[in-house]
Amino acid sequence: MKLALGYAESVDAYGTSTIVETLTCAHCGKVYDKPAPGESFGFCHMCFKAVCLSCGASTRCEPFEEKLRRLEQRQRFLDHL
Amino acid sequence: MAIYAAQGSQTAAPKTALTIVSTTNGRSRLIEYTLSNVGAVTVDSQFEVQLQRFTAAGTTTAVTPSGTDPSDPAATLFTAGSNATVEPTYTAGVVIDDKGVNPRGLYRWTAYAPDAEIILPAVAANGVGFLLAVLGGAAKVIVDAKIRQ
């Protein structure tokens, strides 16, 4: 499985740094904290990528890059009108 | 591939601190951002910043993205703006990241793998904005973003 890994660092008022791993949803592009072992998580069995819980609840596979491609295609069409 | 830095600031909420605006030349990618505060903290209350996509860029003070490599040419795939006076048209219900940050601290997010990067569409006036949703005890919220093109 390809994990879209990122890191988030929070420094609190006392200067204490906390680092967590994040994932980026392959369907909507949302950044969310990587679920701990045993926590529920989203996963698309079609594109085989980690997705957020709300996208994971859907049965559709709609990769984010495909959404971008459609958006750009639509704009190109409108530009030529 | 070149990496550029763009900084925005905001002192009021709900208003946008920084916008990254696409052009039709190609897709750029947000790879890192830092949220922090400068100035005296008024109360011990968090500020909230939401990273959202927009379809119209609004009106901002232009920011010239600076290349991290001085030999890189000027950014061509995106423009940046700070301190929005007319808010971008955000896509309803789509929040990429939403963080409450103690004004005495900071928050930094970095994409470690290419799949984690936040991709901007190659559509004019589309992009992402850092909306300061709640000012809390912050005086001036600074957003520092790194964008790859």
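Predicted model: local features only at pLDDT ≥ 70, side-chain atom pairs only at ≥ 80, totals over all residues.
Chain A contains two helices and five strands. Along the sequence these elements follow the pattern β-β-β-β-β-α-α. The radius of gyration of chain A is 17 Å, well over the 12 Å that the globule rule gives for 81 residues, so the chain is more spread out than a compact globule. Taken along the principal axes, the C-alpha atoms of chain A fill a box of roughly 55 × 30 × 20 Å. Of the 81 residues in this chain, 23% count as buried. Among the contacts in chain A that join residues at least 6 apart in sequence, 31% are between residues at least 24 apart.

One loop residue of chain A has a backbone angle to note. F48(A) lies in the loop between strand 4 (42-44) and strand 5 (49-51) of chain A. Its phi is positive, at about 60°, although F48(A) is not a glycine. F48(A) has 11 other C-beta atoms within 10 Å and therefore counts as exposed, the cut-off for an exposed residue being 12 or fewer.

In chain B, six strands form an open sheet with antiparallel pairing, in the order 5-7-2-11-4-8. Strand 5 (59-63) and strand 8 (89-101) of chain B stand at the edges of this sheet; each has a single partner strand, so one side of each is left without a neighbour in the sheet. From one strand to the next, the twist averages 25°. Strands of a sheet pair through backbone hydrogen bonds, in either a parallel or an antiparallel arrangement.

Strand 7 of chain B is mostly covered, with seven of its nine residues buried.

N83(B) is found in strand 7 of chain B. This residue has a positive phi of about 50° although N83(B) is not a glycine. With 20 other C-beta atoms within 10 Å, N83(B) is buried, because the cut-off for a buried residue is 20 or more.

A cis peptide bond, with omega near -5°, runs from A13(B) to P14(B). P14(B) is placed in the loop between strand 1 (3-10) and strand 2 of chain B.

Elsewhere in chain B, Y33(B) belongs to strand 3 (residues 29-38). Y33(B) counts as buried because 25 C-beta neighbours lie inside 10 Å. When residues up to four places away in sequence are not counted, Y33(B) touches W109(B), V143(B), D144(B) and A145(B). One of these residues, D144(B), is 111 residues from Y33(B) along the chain, yet the C-alpha atoms of Y33(B) and D144(B) are separated by 5.4 Å.

The contact between the chains takes 22 residues from chain A and 21 residues from chain B. On the side of chain A that touches chain B, the elements giving two or more residues are strand 1 (5-11), strand 2 (17-24) and helix 2 (64-79) of chain A. Strand 1 of chain A gives the most to this side, with seven residues. The residues on the side of chain A that touches chain B divide into 11 nonpolar, six polar and five charged.

Strand pairing also crosses between the chains. Strand 1 of chain A and strand 9 (residues 106-111) of chain B run antiparallel and are joined by six bridges. In this pairing, E9(A) stands opposite R108(B) of strand 9.

Key. Residues numbered from 1 in each chain as written. Chains lettered and ligands numbered in written order. Pairing = 2+ DSSP bridges. Helix = DSSP H or I, 4+ residues; strand = E, 2+ residues; numbered from the N terminus. Axes fitted to C-alpha atoms, helices over the stretch in contact; angles between N-to-C directions. Contact = placed C-beta atoms within 7 Å. Nonpolar A, V, L, I, M, F, W, Y, C, P; charged D, E, K, R; others polar. Rg over C-alpha atoms; globule rule 2.2 N^0.38 Å.
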